[in-house]
Number of protein chains: 4
Amino acid sequence: MVIMAASTSSLTFQPILERIAEEIGRTPGRGRPADYIPALAACDPRRFGMAVAELDGSVYGVGDWREPFSTQSITKVFTLALDLAREGDELWEHVGREPSGNPFNSLIQLEYENGIPRNPFINAGALVVTDRLQTRTGDASGELLAFLRAESGNRALDFDKDVAASESAHGDRNAALAHFMASYGNIDNPVPVLLDQYFRQCSVTASCADLALATTFLARHGIRADGTRLLTRSQAKQVNAVMLTCGTYDAAGDFAYRVGLPGKSGVGGGIIAVVPGRCTLCVWSPGLDERGNSVAGVAALDRFTTLTGLSVF
Amino acid sequence: MVIMAASTSSLTFQPILERIAEEIGRTPGRGRPADYIPALAACDPRRFGMAVAELDGSVYGVGDWREPFSTQSITKVFTLALDLAREGDELWEHVGREPSGNPFNSLIQLEYENGIPRNPFINAGALVVTDRLQTRTGDASGELLAFLRAESGNRALDFDKDVAASESAHGDRNAALAHFMASYGNIDNPVPVLLDQYFRQCSVTASCADLALATTFLARHGIRADGTRLLTRSQAKQVNAVMLTCGTYDAAGDFAYRVGLPGKSGVGGGIIAVVPGRCTLCVWSPGLDERGNSVAGVAALDRFTTLTGLSVF
Amino acid sequence: MVIMAASTSSLTFQPILERIAEEIGRTPGRGRPADYIPALAACDPRRFGMAVAELDGSVYGVGDWREPFSTQSITKVFTLALDLAREGDELWEHVGREPSGNPFNSLIQLEYENGIPRNPFINAGALVVTDRLQTRTGDASGELLAFLRAESGNRALDFDKDVAASESAHGDRNAALAHFMASYGNIDNPVPVLLDQYFRQCSVTASCADLALATTFLARHGIRADGTRLLTRSQAKQVNAVMLTCGTYDAAGDFAYRVGLPGKSGVGGGIIAVVPGRCTLCVWSPGLDERGNSVAGVAALDRFTTLTGLSVF
Amino acid sequence: MVIMAASTSSLTFQPILERIAEEIGRTPGRGRPADYIPALAACDPRRFGMAVAELDGSVYGVGDWREPFSTQSITKVFTLALDLAREGDELWEHVGREPSGNPFNSLIQLEYENGIPRNPFINAGALVVTDRLQTRTGDASGELLAFLRAESGNRALDFDKDVAASESAHGDRNAALAHFMASYGNIDNPVPVLLDQYFRQCSVTASCADLALATTFLARHGIRADGTRLLTRSQAKQVNAVMLTCGTYDAAGDFAYRVGLPGKSGVGGGIIAVVPGRCTLCVWSPGLDERGNSVAGVAALDRFTTLTGLSVF
């Protein structure tokens with residue numbers, strides 16, 4: 001990372017977060033929570049939390065930054081990193097790294113490209129990554145949980161069984177994607193096993209503080225909280241690049257344009273973002289825009305990069 | 001253009017460029033020149049040049065870095081900036097800023113999205129931007145030429161009339177795109193006028209040195225060579241973001257992953273890239289990969305960011 | 001044709017037509033006239049005419065059956081027959097004969113299938129047929145006009161220059177189609193020449209009586225009014241088959257299901273239909289459904305086949 | 001089933017069938033058997049049988065006309081008729097009747113049209129019809145089997161359990177289709193139950209004689225072999241119309257053009273066809289063209305309509 005604004009101390013983040021929270025708080029709850037499962041639909045769209053974690057593990061926050069929420073697609077980043085760490089570039093023969101240019105569930109490009117999903121962050125791609133991690137570990141969601149607990153230091157971080165059951169009950173689209181890719185030979189595990197693993201991952205409940213800390217390995221160019229290396233420097237760069245170009249559904253261009261940081265959102269209303277070499281962020285607010293990203297979350301990140309100059313552009 | 005006395009920081013670039021040129025030179029000419037018009041097909045794929053320009057206007061280079069070549073789609077960046085400077089955000093009602101996820105000439109998404117192209121760097125989007133700049137100036141390609149001459153300091157920089165005529169003779173796809181968008185009311189000028197302006201822009205001939213200098217306003221957050229402001233800081237960030245997510249046809253994800261810089265390629269074999277706040281690059285080598293990007297050019301930029309750490313990730 | 005209901009005399013048609021007209025007349029004007037050009041938008045949706053022509057050239061009618069109207073896409077049938085008569089099966093290397101499964105202007109399948117339109121009755125296919133007839137005759141629309149005059153016996157039948165000019169002024173979609181196919185090498189003539197010929201054909205004004213008579217060569221298995229052969233028996237069968245499967249835009253299945261006859265509609269509100277070996281029909285009423293077919297026209301043909309049993313199924 | 005004493009009209013069919021068989025026999029086995037399941041791949045492409053059944057139940061044949069083969073998609077016609085008889089036009093709110101214009105397994109149009117398949121003969125549409133018949137009867141495949149036995153008079157006609165198991169083992173595409181439509185609310189039964197029913201139907205083994213007889217209710221405008229009515233005259237016409245426009249995958253236009261009869265093919269190499277008011281045909285030969293239709297089968301039907309004039313056009 002090149003263009004870091006000079007900052008002698010992490011202490012400067014707290015007033016910035018407070019200023020952002022105040023500005024966001026002045027606008028009423030915007031957007032609508034995801035409504036396809038009851039657990040998400042019940043969320044109060046006025047909730048708002050934001051956390052910043054620095055490379056040394058210090059973490060700052062405002063609002064509901066310690067409140068656990070449903071991480072949903074955010075965990076796709078960690079599953080990608082865990083599988084990439086194990087199999088390296090072979091993964092990229094089974095999933096692409098180009099933006100999809102289509103709504104996140106679309107089957108069209110998948111058919112056009114013979115069962116190879118465009119990137120690891122659309123549902124089809126995340127199913128492939130989960131399938132491969134499952135083959136290598138025998139328990140993909142268990143690996144994920146252990147990683148998140150270790151990085152966040154929060155041993156209570158866990159799956160939400162009700163959310164997983166609810167996802168499963170509404171899982172026909174993901175079942176269709178998995179069977180479709182299986183018809184091209186791009187899925188190894190039985191579809192029900194894969195879906196079970198996948199929905200468990202989506203159901204992880206964690207706070208802004210947890211997720212900002214769990215993401216710091218990407219700001220540290222691949223180094224985990226305990227100082228060991230998960231990814232090579234090049235692989236960490238790759239994950240950041242995929243986040244920037246594909247991390248926010250069909251709004252990746254807009255997110256890059258407004259926020260200018262690698263980021264990944266979930267329909268639970270959370271967004272993680274990385275300032276390579278400097279810090280990570282996690283923001284949460286359940287009201288979504290029509291493309292599935294948190295309205296207040298994107299606004300808060302936009303303000304953060306404007307106020308600090310910490311954009312990659 | 002002035003070749004500056006070496007500053008402390010600039011001293012380091014020359015040996016890096018020479019090392020890259022040596023490494024690239026050891027591999028034989030790879031890829032194939034574009035063959036849809038004779039002027040491009042005749043290029044020697046072994047040509048290679050690379051230049052770096054710093055914020056103060058100093059420029060360094062190796063190989064054929066002073067050799068003029070056909071800029072092709074690279075000029076889409078400058079036309080975008082010139083129109084954005086004039087009309088601001090209204091432009092984004094007529095062209096999107098999301099990756100296309102499809103080959104660069106595709107009509108499918110254009111139909112699906114009612115004549116609004118996905119971004120300014122696919123042909124359809126560049127036609128819209130040119131059309132709008134033409135409406136505002138009466139001579140879009142003349143504006144472009146004046147800008148490029150001023151920023152590069154090269155008064156001899158010019159259109160290549162043979163290339164423009166050749167493009168026009170093979171212009172049925174672009175004519176189809178223009179008429180198609182006109183049917184949705186998203187083109188103001190008569191299609192023949194628009195195409196003439198568009199093909200002239202594509203025909204600009206310039207060297208790596210010229211283009212690296214002409215791009216520095218994006219590294220300077222919007223400030224032109226003469227110190228005046230073309231774009232606001234926010235607009236400059238926007239252009240860089242669109243370059244990163246959409247600048248290299250259907251390989252934007254791969255380019256971000258390997259190079260990690262905002263960039264824009266042309267089928268003439270050139271690529272420009274921006275290190276915000278620090279410098280710009282231009283590399284040229286006519287052999288293209290199957291997605292239309294210079295093989296040696298991408299490899300050279302990849303080496304540059306690896307050797308210098310000057311990636312945004 | 002196999003399953004002809006026994007009918008000793010053509011005299012039976014007149015009361016059937018009158019009964020249909022009476023039933024249709026009881027329902028108020030339904031549907032909306034095409035509104036993309038003024039000449040069509042001005043039509044009174046309550047107009048209704050219907051004619052039956054027998055193999056011997058006798059013709060019967062009700063309502064506005066002698067009123068000239070804008071034939072629009074109906075003439076595609078005659079252009080197809082005229083070109084097929086000249087070049088035979090070679091035509092089918094340049095245009096398919098499968099239903100399009102998409103709205104009639106769609107570019108998607110055209111791109112997917114490399115510039116070969118699905119069938120001669122979508123606009124892209126009709127442009128190809130016109131282009132080929134133009135190459136063979138030097139005046140495709142003149143050939144068409146001469147044929148229609150000869151078969152109908154109406155020397156006053158003519159183009160409507162205002163309609164042709166109006167089509168041309170709204171012709172961006174067709175221009176896009178023509179340029180797009182030209183980019184695949186599937187158009188021989190300059191696009192402006194082709195479009196001029198095409199829009200003239202669309203502008204032919206004729207009555208139900210004229211069109212029923214002009215269509216009888218298809219009921220006579222290829223024999224013209226003067227006893228000479230235009231098409232082989234096999235070719236006449238082919239044209240009827242293409243009409244049944246592709247003649248009514250994206251409603252061909254529905255038309256076959258309800259009417260059960262080869263037919264071709266136009267956005268002027270006309271529909272021609274063929275009872276092979278027995279008679280032809282033409283109905284006109286300007287109010288269209290959302291797929292571009294005359295509401296009262298389809299209803300009248302539906303009643304006709306129900307009352308007479310003269311369906312092919 | 002009774003082999004009837006020759007009637008005046010029926011006498012003519014036997015020599016025609018023999019002439020066709022002789023002509024077809026002179027050309028070597030053409031096309032390739034379906035190879036996605038072993039039971040089909042093992043078929044000898046030189047096998048050829050053809051049968052004609054008249055309205056009175058008399059049946060004629062040549063070659064392997066009494067040899068049972070795998071009916072595959074042919075049974076979609078009978079399932080459609082059985083469900084249409086039960087629920088009438090309500091069915092058409094859940095499946096369309098327009099040609100698909102795409103290969104028979106395509107998910108693209110299904111997504112574009114919100115989970116409503118284009119017609120009952122593509123796999124997605126047949127799954128919907130089976131689902132609805134299952135809901136109404138509790139045993140869709142049992143209903144089908146009982147009907148086929150009754151109409152053919154062949155009590156030994158049955159499912160092939162090995163084929164059904166084989167289809168199930170290669171069933172990921174159909175599972176994807178079913179889950180995908182379920183996500184739009186267009187499937188009532190649990191997907192595994194539906195697939196089991198569906199694959200059993202595909203596995204029915206029957207001979208040309210059996211199938212020609214089982215199809216005669218469509219030539220008799222809805223009347224079953226025992227004189228009771230299954231479909232109204234209008235419904236029988238509807239099924240014939242859907243067969244003509246959608247019965248042979250992406251070759252319906254070509255089939256109408258060459259054969260000119262309502263028909264339905266299966267990848268087992270069988271094709272049934274209807275001459276409304278007169279007779280039915282069934283032909284079998286396992287070698288398929290690239291669109292999944294029997295090469296010798298289409299050729300034999302083409303010869304039949306040419307020799308007899310019994311085309312609907």
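I start with C:Arg291, which is partly exposed, because its relative accessible area is 27%. The cut-offs are these: buried means under 20% relative accessible area, exposed means over 50%, and partly exposed lies in between, with a 1.4 Å probe and protein chains only. At 16% relative accessibility, C:Asp254 counts as buried.

Before going on, some ground rules. This is a predicted model, in which local features need pLDDT of at least 70 and side-chain atom pairs count only at pLDDT 80 or more, while totals for chains, interfaces and linings use all residues. Residues are numbered from 1 along each chain as its sequence is written, chains are lettered from A and ligands numbered from 1 in the order in which they are written, and side-chain values use heavy atoms, leaving out hydrogens and water.

Back to that pair. C:Asp254 and C:Arg291 form a salt bridge, with the closest N and O atoms 3.6 Å apart. The two residues lie 37 residues apart and link distant parts of the chain: C:Asp254 is in helix 12 (residues 252-258) of chain C, and C:Arg291 is in the loop between strand 8 (279-284) and helix 13 (295-308) of chain C. A salt bridge here is a side-chain nitrogen of Lys or Arg within 4 Å of a carboxyl oxygen of Asp or Glu. Side chains of opposite charge can pair when their charged atoms come close. How many salt bridges are there over all chains? The count comes to 72.

Another one is in chain A, where A:Arg132 pairs with A:Glu87, the closest N and O atoms being 2.7 Å apart. This pair also links distant parts of the chain, 45 residues apart, with A:Arg132 in helix 5 (residues 123-137) and A:Glu87 in helix 3 (residues 75-87) of chain A. Helices (H or I, at least four residues) and strands (E, at least two) are DSSP runs, numbered from the N terminus. Are A:Arg132 and A:Glu87 buried or exposed? Both A:Arg132 and A:Glu87 are buried. A network of salt bridges links A:Glu87, A:Glu90, A:Arg132 and A:Arg136.

Now chain A as a whole. Chain A has 13 helices and eight strands. Its radius of gyration is 18 Å, close to the 20 Å that the globule rule gives for 313 residues, so chain A is as compact as a globular protein of that length. The radius is taken over C-alpha atoms, and the rule is 2.2 Å times the number of residues to the power 0.38. Of the 313 residues in chain A, 65% are buried.

Next, an annotation. The unreviewed UniProt entry marks a "binding site" that includes A:Ser73 and A:Tyr198. UniProt positions are given in the numbering used here, feature names are shortened, and annotations may be inferred rather than shown by experiment. A:Ser73 sits in the loop between strand 3 (69-70) and helix 3 of chain A, and at 7% relative accessibility A:Ser73 counts as buried. Leaving aside neighbours within four places in sequence, A:Ser73 is in contact (heavy atoms within 4.5 Å) with A:Tyr249, A:Lys264, A:Ser265 and A:Gly266. A:Tyr198 is in helix 9 (residues 191-202) of chain A and is buried, with a relative accessible area of 3%.

Last, chain D. In helix 11 of chain D, 12 of the 14 residues are buried, so this helix is largely enclosed by the rest of the structure.
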